[in-house]
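Morning, everyone. Please have a look at the structure on the screen.

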Amino acid sequence: MTYLDYNATSPLCEASKRAAEQALAVGGNASSVHRRGRAARALIEDAREQVAALAGAEPAEVVFTSGATEAAALALWGAMEAAADAGKRLTRLFVSAIEHPSILANARRLTERFAGLRLELIPVRADGVADLDALRTLLREGKGRALIALMAANNETGVIQPVGEAAMLAAEAGALLLCDAVQAAGRMPLPRADYVTLSAHKMGGPQGAGALILKTGAPYVPVIAGGGQERGLRAGTENLPGIAGFGAAAAAAAGETADPRWRDRFEADLKKNVPDVRIFGCDSPRLCNTSFFALPKIAAETALMALDLDGVMLSSGSACSSGKVKRSHVLAAMGVSDDVAECALRASFGWSSGEADVEAAVTAITNLVTRLGRRVAA
Ligand code: PLP
């Protein structure tokens, strides 16, 4: 079997599996005073340090959550509520058109809930990079306190976004900055922002664990109230095995970035065998593990099923909860026509990928194009 869908989820790495199993064996509640509780607390605090080190943050800035979606919701709603409480209402949300739904859907919800809040999409150029000149103009044109959301790297194309420049624009405009660093983690150095979201299962950790990196002093009101866990910033008994596994995965990911050889070999071999393949974002700086491409005239849904029968697991872009292939909003924002976009496939590599995976994937794709390409042409 050839698994090339790391951007959807990564297989659990050995270190993470071991840490999660050890945590399950401890089995205490980190809020308990007795020794089992203290052992659980120690594991969580170790993991906090490991995640902080990966994010270039202080341990006190790490708030453990159930994943990046929850972290994004906490950041967006928490920032809105805090700004309103302080009498400095946010009235403008600038969100890049290629953000993950965890950001886009929450941003849309906020505009339904808070009267006077406007959502403005930051356009994206054909090369997959957010157009910060357009953002600069948007910021100058209007008035009001703003929050900007720009991801570190896109989950579909892998294109790395200019978050450092966005941070400078945010500082000039007195705006807050939220950065979804889910796909960047372990693959490139992580940017700093007022709010950073992370997910364990994209870097070899378990599903159902993640973090909000909440910069010291960033406005925030906890929207989940309860037993006061996570220093009152996110209530709910901590997911001990998930957090311990996350910490171990973060430590492993901090030491090794993904190996660029496999993605580069894959694209070089694919271009040789299928010369009219179109690779999206290939002229931009990209994550070294991600290849997003379209096979001419072969619908992604057909290709995914045929490749799966050959034992090769790819995806059509973002993993959708319905399991259906959805038209990519990322490619639409890049101006890619619908007929090309519906043929888009993503191969994403990770810690267990190797030469055999590249060979199996290229062979299966080449066979598919030979088989179906003939039928399409006939
Ligand atoms: N942000 C990006 C860029 C993602 O790729 C994903 C996962 O698909 C998420 C956020 C959501 O992460 P989680 O599954 O931890 O909620």
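First, the ground rules. This is a predicted model: local features need pLDDT of at least 70, side-chain atom pairs count only at pLDDT 80 or more, and totals for chains, interfaces and linings use all residues. Residues are numbered from 1 along each chain as its sequence is written, and side-chain values use heavy atoms, with hydrogens and water left out.

Now the ligand's oxygen atoms. One lies 2.6 Å from a side-chain N or O atom of Thr 69. For Lys 202, the distance is 2.6 Å. For His 100, it is 3.3 Å. The protein covers 85% of the 400 Å² of accessible area that the ligand has on its own (Shrake-Rupley method, 1.4 Å probe).

On to helix H5, residues 132-141, a DSSP run of H or I with at least four residues. Which of its residues are buried, meaning under 20% relative accessible area with a 1.4 Å probe, protein chains only? Leu 132, Leu 135, Leu 138 and Leu 139. Seen down the axis, they fall within an arc of 110 degrees, taken from the directions from the axis to the C-beta atoms, so they line one face of H5. The face turned away carries Arg 140 and Glu 141, both exposed (over 50%).

Notes. Polar contact = N/O pair within 3.5 Å; in protein donor to acceptor, adjacent residues only side chain to side chain. Helix = DSSP H or I, 4+ residues; strand = E, 2+ residues; numbered from the N terminus.
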